[in-house]
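Dear colleague,

Please find the structure below, handed over for your use.

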Amino acid sequence: MNTPAIEGGSPIRKQFLVFGKPKITKKEIEEVLDTIRSGWLGTGPKTKKFEEKFRQYIGSKHAIALNSCTAGLHLALDVLGIKDGDEVITTPLTFSSTANVIAHHHAKPIFADIFKGTWNIDPQEIEKKITKRTKAIISVDLHGRPCDYDAILKLTKKHKLFLVEDAAHAAEAMYKDKKVGTFADFTAFSFYVTKNIMTGEGGMLTTNDDTWANEARIRSLHGISKDAWKRYSAEGFSPYETLYPGYKYNMMDLVASFGLHQLSNVEKNLKVRQKYWHMYNEAFKDISELTLPAPEEQHTRHGRHLYAILLQTEKLKIDRNRFLDAMKTEGIGTGIHFTALHLHKFFREAYGYKKGDFPNAEYVGDRTLSLPLSPSMTSQDVQDVIAAVLKLVKYYRKS
Ligand SMILES: *Cc1c(COP(=O)(O)O)cnc(C)c1O
């Protein structure tokens with residue numbers, strides 16, 4: 001029996017495989033240097049160019065570049081007028097920021113459980129949670145898989161709710177031939193280092209509504225009148241006015257420099273991740289201790305941001321966290337996306353959520369493990385990940 005490194009055996013890899021390592025090409029590096037040399041590092045022409053290029057890629061009417069996806073979600077709720085006493089429904093299987101932004105507006109995050117198969121929010125569970133106070137739904141396209149939008153949009157129409165889409169994982173995704181970012185009231189994207197398009201920190205907000213787009217843009221830069229970023233440019237100073245106590249959410253040209261070339265490679269990088277995805281599927285398909293990601297629905301496109309497996313911990317001698325440590329000791333970084341958010345301290349204490357409230361999210365949250373899936377990896381890296389997973393499953397299986 002091949003002994004795991006964590007039990008004193010030798011590791012699969014000597015050089016650690018970093019989880020979510022971005023692929024950065026010469027073009028990004030040259031563009032960043034060009035921006036530094038230009039002397040204009042802040043919001044400016046490159047940010048505008050990136051916005052336009054992203055807008056065209058998505059096919060939305062507007063795209064507003066921001067310094068994070070969280071800023072986008074926060075702004076969307078702000079522009080939609082979410083306030084004290086309102087309720088906003090979202091999934092418990094998401095990153096903290098999806099629900100934090102609801103709390104920022106003094107509204108209550110109402111969780112609705114997920115499907116056990118796709119791990120996305122279940123529209124029937126959403127409907128059970130709708131009250132007179134419900135104002136919006138924040139859907140999350142988990143790991144890059146679009147939610148069931150036929151059902152969700154039926155609910156938003158019937159109950160007159162806003163739909164804000166957290167597409168942090170899903171810039172490439174399509175639902176029934178419609179691009180993610182074109183059908184919700186607002187859609188927020190993330191360009192954090194590990195995401196499919198990365199600028200270090202960064203985000204984008206898309207909408208098809210002219211008034212909302214204008215409001216979001218103004219509020220993203222202190223709430224001062226339009227094109228305030230030009231106030232130090234060659235066009236000369238023009239007086240501006242504060243229209244609203246806005247936020248400091250603008251993107252800089254320095255980071256937009258990455259985005260321009262990351263976006264040029266977005267489809268190419270997706271193909272690489274698709275290939276690795278199928279290598280994992282093939283390697284693990286007969287392993288009964290693992291549950292693999294569900295296949296896609298027809299006419300939808302998965303953004304392939306995260307390849308997560310569920311460890312059937314009932315059949316293993318160790319739990320998920322120990323498995324993660326064992327992978328690390330084999331020289332492979334993995335991630336957890338996510339543990340059920342309603343069980344985190346803040347949500348338990350502020351809103352009274354407890355264990356047992358959302359059994360499907362808890363089931364997945366206790367077992368999920370994301371394997372590295374970056375276009376910066378080689379096929380050999382993928383083979384190493386597969387070898388490590390199989391080694392650990394074989395060693396720790398109960399029967
Ligand atoms: C990464 C992530 C965010 C936050 O993105 P930032 O750009 O870091 O603010 C929001 N939601 C989900 C689901 C994420 O994975």
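**Overall architecture**

Of the 399 residues in the chain, 56% are buried, where buried means under 20% relative accessible area, exposed over 50% and partly exposed in between (1.4 Å probe, protein chains only). Please note that this is a predicted model, in which local features need pLDDT of at least 70 and side-chain atom pairs count only at pLDDT 80 or more, while totals for chains, interfaces and linings use all residues. Residues are numbered from 1 along each chain as its sequence is written, and side-chain values use heavy atoms, with hydrogens and water left out.

The chain contains 13 helices and 12 strands; these are DSSP runs numbered from the N terminus, with helices being H or I of at least four residues and strands being E of at least two. The chain is as compact as a globular protein of 399 residues, because its radius of gyration of 22 Å is close to the 21 Å that the globule rule gives for that length. The radius is taken over C-alpha atoms, and the rule is 2.2 Å times the number of residues to the power 0.38. The C-alpha trace spans about 75 × 55 × 40 Å along its principal axes.

Among the contacts in the chain with a separation of 6 or more, 73% are between residues 24 or more positions apart; contact means heavy atoms within 4.5 Å. The accessible surface of the chain amounts to about 17,300 Å², and carbon and sulfur atoms hold 53% of this. Accessible areas come from the Shrake-Rupley method with a 1.4 Å probe, and for residues only the protein chains shown count as cover.

**Pocket and cavities**

The largest pocket has a volume of about 560 Å³. Its lining comprises 35 residues, of which S190, Y192, T194, K195 and H305 are the closest to its centre. Helix 3 (69-79), helix 4 (96-104) and helix 9 (266-284) are the elements that give two or more residues to this lining. By class, the lining of the largest pocket has 13 nonpolar, 16 polar and six charged residues. Here Ala, Val, Leu, Ile, Met, Phe, Trp, Tyr, Cys and Pro count as nonpolar, Asp, Glu, Lys and Arg as charged, and the others, Gly among them, as polar.

Two cavities of 30 Å³ or more were found in a search of the whole structure. The second largest cavity holds about 40 Å³ of space. Residues lining the second largest cavity include A167, H169, F189, S190, K195 and I197. S190 and K195 are also among the residues closest to the centre of the largest pocket. The lining of the second largest cavity divides into seven nonpolar, three polar and one charged residue.

On a 1 Å grid over the protein atoms alone, a cavity is a set of points where a 1.4 Å probe fits but cannot get out, and a pocket is an open set with protein on both sides within 12 Å along at least five of seven lines; lining residues have an atom within 4 Å of a point. Grid points are joined across faces, edges and corners, and a volume is the space filled by probe spheres set on the points.

**Individual residues**

F323 lies in helix 10 (residues 320-329) and is buried, with a relative accessible area of 0%. Leaving aside neighbours within four places in sequence, F323 is in contact with L311, I318, L369, V389, L392 and V393.

T187, in strand 8 (residues 186-190), is buried at 1% relative accessible area. With residues up to four places away in sequence not counted, T187 touches E165, A167, V180, G181, M204, L205 and T206.

F16 belongs to the segment before helix 1 (26-38) and is partly exposed, at 39% relative accessibility. The C-alpha atoms of F16 and K328 are separated by 8.0 Å, although the two are 312 residues apart along the chain. Beyond residues up to four places away in sequence, F16 touches K328, G331, I332 and G333.

**Backbone points to check**

A cis peptide bond joins H337 and F338, with omega about 15 degrees; F338 is in the loop between helix 10 and helix 11 (345-351).

K176 has a positive phi, near 45 degrees, in a residue other than glycine. K176 is in the loop between strand 6 (174-175) and strand 7 (178-179).

H222, likewise not a glycine, has a positive phi near 65 degrees and is in the loop between helix 7 (210-220) and helix 8 (253-264).

With kind regards
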